[in-house]
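Here's a quick walk through a structure, with an eye on how its parts pack together. Have a look at the chains first, then read on.

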Number of protein chains: 2
Amino acid sequence: MAVDTFDTYLAEKTAYIEGKLTPALEREGVPAALYESMKYSLMAGGKRLRPMLVLAVLEAMGKPIERGVPFAVALEMIHTYSLIHDDLPAMDDDDLRRGKPTNHKVYGEATAILAGDALLTRAFSHIAEAYRGRLDVSAHTIVNLIAELGKRAGATGMVGGQMADIEGESKSLELHELEFIHEHKTGDLLIAALRGGGYLAEASEQQMEKLTRYGYCIGLAFQIQDDILNVEGDAAELGKAVGSDAERQKATYPSILGLAESKARLDALITEAKAALKDAGFAHSALSPLADYVRDRKK
Amino acid sequence: MAVDTFDTYLAEKTAYIEGKLTPALEREGVPAALYESMKYSLMAGGKRLRPMLVLAVLEAMGKPIERGVPFAVALEMIHTYSLIHDDLPAMDDDDLRRGKPTNHKVYGEATAILAGDALLTRAFSHIAEAYRGRLDVSAHTIVNLIAELGKRAGATGMVGGQMADIEGESKSLELHELEFIHEHKTGDLLIAALRGGGYLAEASEQQMEKLTRYGYCIGLAFQIQDDILNVEGDAAELGKAVGSDAERQKATYPSILGLAESKARLDALITEAKAALKDAGFAHSALSPLADYVRDRKK
């Protein structure tokens with residue numbers, strides 16, 4: 001897929017997914033401020049990378065992407081809740097996200113905590129409700145989706161990564177500690193997206209393994225590129241200050257490995273991600289330019 | 001069931017359930033502080049009323065109570081996460097719960113938020129993992145359990161009730177507003193317990209309706225008795241101060257209806273709960289003395 005074709009692909013899929021998010025929220029019987037707060041963060045933009053991965057796996061296996069929508073939406077709800085809670089004063093204490101005031105700045109802390117809780121809860125009930133009774137998705141598959149998502153989003157996954165990140169702020173980290181944080185805080189939800197797509201498309205065991213490896217590689221690559229952009233990115237394009245990691249003495253790939261070695265590691269991960277795709281028979285799918293995108297993005 | 005027999009029943013079931021909680025937490029790959037924080041609140045005592053209801057429905061229908069354990073444990077995880085988040089400084093700002101320091105007082109706010117998030121997530125993945133592949137619980141039933149739990153715990157249920165409660169603190173409430181709060185903040189998770197037990201025991205539609213009604217009634221009754229105890233309870237037995245609601249000018253049943261009318265309403269709800277049990281054929285089950293217990297408890 002050529003770069004300009006892929007840009008169009010990304011734009012189309014983002015618009016497609018964004019149209020599915022708000023309708024998946026419950027509205028009737030929900031206090032207005034809670035609903036507004038959930039919707040505010042869910043619709044606050046972003047790359048929609050996790051939903052994209054679900055749809056791309058289905059496409060790669062010749063299945064209708066519509067089948068992935070409820071799971072894709074659930075992933076974006078979980079990603080959104082994690083950002084709301086991460087931004088809280090007791091956590092990272094951020095006032096802005098993607099150039100907009102964070103949830104608790106707009107709705108207050110109590111509502112922000114509850115909006116996060118409600119989005120997390122809705123992710124699971126939405127999967128159960130939206131797939132229940134469908135002929136193309138078995139109850140067994142629904143249970144697998146929920147087990148997968150819970151494992152990757154919870155204490156052994158994303159929440160565990162966030163915990164390690166908070167603990168790591170007050171000390172200097174070794175590379176394996178930094179990688180534990182990224183593997184879980186970022187990588188696990190990407191892996192859930194890919195494996196969820198695999199369950200929905202009835203991927204083989206071998207394909208599931210390769211998708212998992214691909215997700216692990218692009219998850220780490222994503223974070224390395226984040227760290228590199230914080231050193232040499234364009235503040236205007238990024239929409240945030242560069243050099244902030246060094247200022248805060250935050251452990252990053254460049255601070256541990258140096259810039260050149262970080263770039264080499266990034267390249268190696270993208271190469272490995274693509275090898276995994278080839279092994280699974282997905283070399284010509286959108287997952288391949290998606291890996292390049294993770295490395296080459298400027299914001 | 002005689003009162004002393006029922007006390008023994010409660011004690012036995014509480015001990016049985018408490019033995020199932022910690023083993024349901026993931027440990028490997030979980031940062032130690034996160035695991036400890038989750039376990040601290042999960043094992044901090046309490047009536048274990050929600051798990052008890054699951055087991056009682058199974059018993060009432062002649063099914064093995066063991067079948068209810070993963071769902072019962074998940075309910076207690078969700079109840080526990082809600083207490084951790086409710087106690088946060090941004091919410092009720094409580095330092096003590098059941099005579100012990102609250103989670104954030106022991107582990108800090110960031111860890112408490114994450115422990116709550118992880119318990120909520122684990123509730124869903126535990127149901128999926130523990131029941132998956134069992135011969136006595138179909139995948140279809142697992143999906144129903146998760147949909148039920150999500151609906152009752154999320155924005156249309158418990159979280160919505162908590163939101164209304166926070167919004168109500170700054171104004172005087174009418175009775176229907178107070179009942180909305182209790183129906184959702186307390187009642188919905190009790191209803192989830194009963195309906196979940198019903199799904200697991202293959203209850204009829206009519207039995208599910210009656211269990212729902214029973215749950216609604218004992219949920220409101222529970223809160224009315226809470227409010228009454230805050231007026232005329234014994235501080236030593238309660239383990240907390242009485243009169244605190246009046247001091248804070250909190251809207252309660254006694255403040256809206258008066259004490260005598262509140263007691264009459266409590267009695268009427270227990271009578272209605274028992275009538276629902278009788279209609280469902282559960283008049284001689286432990287659910288009947290459980291309803292009395294909700295009214296007659298002194299703490």
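## Where the chains meet

Contact here means heavy atoms within 4.5 Å. Keep in mind that this is a predicted model. On that count, chain B puts 48 residues into the contact, and chain A puts in 48 residues as well.

How much area is buried between chain B and chain A? It comes to about 4000 Å², with carbon and sulfur atoms giving 76% of that. As for salt bridges between chain B and chain A, the count is zero.

## Helices 6 and 7 of chain B

Now for the packing inside chain B. Helix 6 of chain B covers residues 109–131 and helix 7 of chain B covers residues 139–153; their axes come within 10 Å and cross at roughly 170 degrees. Angles over 145 degrees count as roughly antiparallel, so that's how helix 6 of chain B runs relative to helix 7 of chain B. The crossing of these two helices is right-handed.

Helix 6 of chain B brings B:Phe124, B:Ile127, B:Ala128 and B:Tyr131 to the contact, while helix 7 of chain B supplies B:Ile142, B:Leu145, B:Ile146, B:Leu149 and B:Gly150. Sorted by class, that's eight nonpolar residues, one polar and no charged ones.

## Helices 8 and 9 of chain B

Further along, helix 8 of chain B (residues 158–168) packs with helix 9 of chain B (residues 175–200) at an angle of about 150 degrees, their axes 7 Å apart. That makes this pair roughly antiparallel too. Helix 8 of chain B passes helix 9 of chain B in a left-handed crossing.

Among the residues that meet are B:Met158, B:Ala164 and B:Asp165 from helix 8 of chain B, and B:Phe180, B:His184 and B:Leu189 from helix 9 of chain B. By class, this contact has five nonpolar, four polar and three charged residues.

Notes:
Residues are numbered from 1 along each chain as its sequence is written. Chains are lettered from A and ligands numbered from 1 in the order in which they are written. This is a predicted model: local features need pLDDT of at least 70, side-chain atom pairs count only at pLDDT 80 or more; totals for chains, interfaces and linings use all residues. Side-chain values use heavy atoms; hydrogens and water are left out. Axes are lines fitted to C-alpha atoms, for helices over the stretch in contact, and angles run from 0 to 180 degrees between N-to-C directions. Helices (H or I, at least four residues) and strands (E, at least two) are DSSP runs, numbered from the N terminus. Angles under 35 degrees count as roughly parallel, over 145 as roughly antiparallel, 65 to 115 as roughly perpendicular and the rest as oblique. A crossing is left-handed if the near helix is turned anticlockwise from the far one by less than a right angle, and right-handed if clockwise. Ala, Val, Leu, Ile, Met, Phe, Trp, Tyr, Cys and Pro count as nonpolar, Asp, Glu, Lys and Arg as charged, and the others, Gly among them, as polar. Buried area is the accessible area (1.4 Å probe) that two parts lose on being put together, summed over both. A salt bridge is a side-chain nitrogen of Lys or Arg within 4 Å of a carboxyl oxygen of Asp or Glu.
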